[in-house]
Amino acid sequence: MKNFTCQCGARVFFPNTHCLNCNAALGFDAVTQTLYALEPVDKSFEKLKLKNQPEPASQFKYCANYYSYNACNWILPYDSKEPFCQSCRLNQTVPDLTRPANVTRWVKLETAKRHLLYSLLELGLPIVNVPGKKPELAFAFLEDARTNDNYAESFIATGHSWGLITINLAEADDNYREKVREQLGEYYRTILGHFRHEIGHYYYELLVAGSAWQDEFVKLFGDPTEDYQEAMNRYYEQGGNLSWRED
């Protein structure tokens, strides 16, 4: 993640919606990979332009999830027919947002997802989200009984299936995540780490499987056709390859 600077010269950060120095509104443009200082048009934050830019100026709007939940700081052209930004359009399922605790957890997931999308855009990796074209990248943020008594499912697994990345909402709870990290003997466990891990499966299917890179991939990462549960059991019973840095 690069350093961002407001138009006033103050340092600002990727998730920020306002500059604390000059109070300008801030919005991230995925097309230019820039965090812009903005000001409202006609005193309405429904329409914005670059701060101090003379008319006629390009006009923008925030992603709909900014207006509804203050959950996103990405911007779109004002005349775009899309209400959601490139990141939020990838959501297939979001949790029950009538529950205030869920909104807090979901915002954490969305923040991490935008960090992931920033990296993908910076690297120039393809993001395929064409309905019916597999693997179609999408995200599902699901609950189970640990965070919502109304759900019968006792455990929703974080994982990837043919483009769909599922993240358990409980992973946005810091206490739960640390508890699981200790139980599994992991060095670290973060929301962004989950996203980065699962997106690796997506890009394997999109770019590697059946390609000239397949054999090289197997040498470096192992055979992806192995039984997943057996590999998981072996890892947690015997540990991983201790010489992985050298190998």
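**Note on a predicted model: surface patch, sheet pairing and cores**

1. On the surface, Leu184, Tyr235 and Tyr236 make up a nonpolar patch whose accessible area comes to about 290 Å² together; patches are built from residues with over 30% relative accessible area and no salt bridge, like charges being joined within 9 Å and nonpolar side chains (Val, Leu, Ile, Met, Phe, Trp, Tyr) within 5 Å. A salt bridge here is a side-chain nitrogen of Lys or Arg within 4 Å of a carboxyl oxygen of Asp or Glu, and accessible areas come from the Shrake-Rupley method with a 1.4 Å probe, only the protein chains shown counting as cover for residues.

2. The model is predicted, so local features need pLDDT of at least 70 and side-chain atom pairs count only at pLDDT 80 or more, while totals for chains, interfaces and linings use all residues. Residues are numbered from 1 along each chain as its sequence is written, and side-chain values use heavy atoms, with hydrogens and water left out.

3. Leu184 is found in the loop between α3 (174–183) and α4 (191–208), where helices (H or I, at least four residues) and strands (E, at least two) are DSSP runs numbered from the N terminus. Because its relative accessibility is 34%, Leu184 counts as partly exposed, the classes being buried under 20% relative accessible area, exposed over 50% and partly exposed in between (1.4 Å probe, protein chains only).

4. Strand β11 (residues 164–168) has four of its five residues buried. It pairs with β9 (residues 138–142) in the parallel sense over five bridges, and with β10 (residues 159–161) in the antiparallel sense over three bridges; two strands pair if DSSP finds at least two bridges between them. Leu142 has Asn168 of β11 as its bridge partner, whereas Gly159 stands opposite Thr166. Two residues separate the strands in the hairpin of β10 and β11, and there Trp162 takes a positive phi near 50°.

5. The largest nonpolar core has 43 residues, and Phe28, Trp74, Leu116, Phe139, Phe195 and Ile199 have the most contacts inside it; such a core is a set of buried Ala, Val, Leu, Ile, Met, Phe, Trp, Tyr and Cys residues joined through side-chain atoms within 4.5 Å. Helix α2 gives the most to this core, with eight residues. Another core, of eight residues, lies apart from it and includes Ala25, Leu48, Tyr66 and Ile75.

6. Asn65 belongs to helix α1 (residues 64–69) and counts as buried because its relative accessibility is 8%. Beyond its neighbours within four places in sequence, Asn65 is in contact (heavy atoms within 4.5 Å) with residues including Cys72, Phe84 and Trp106.
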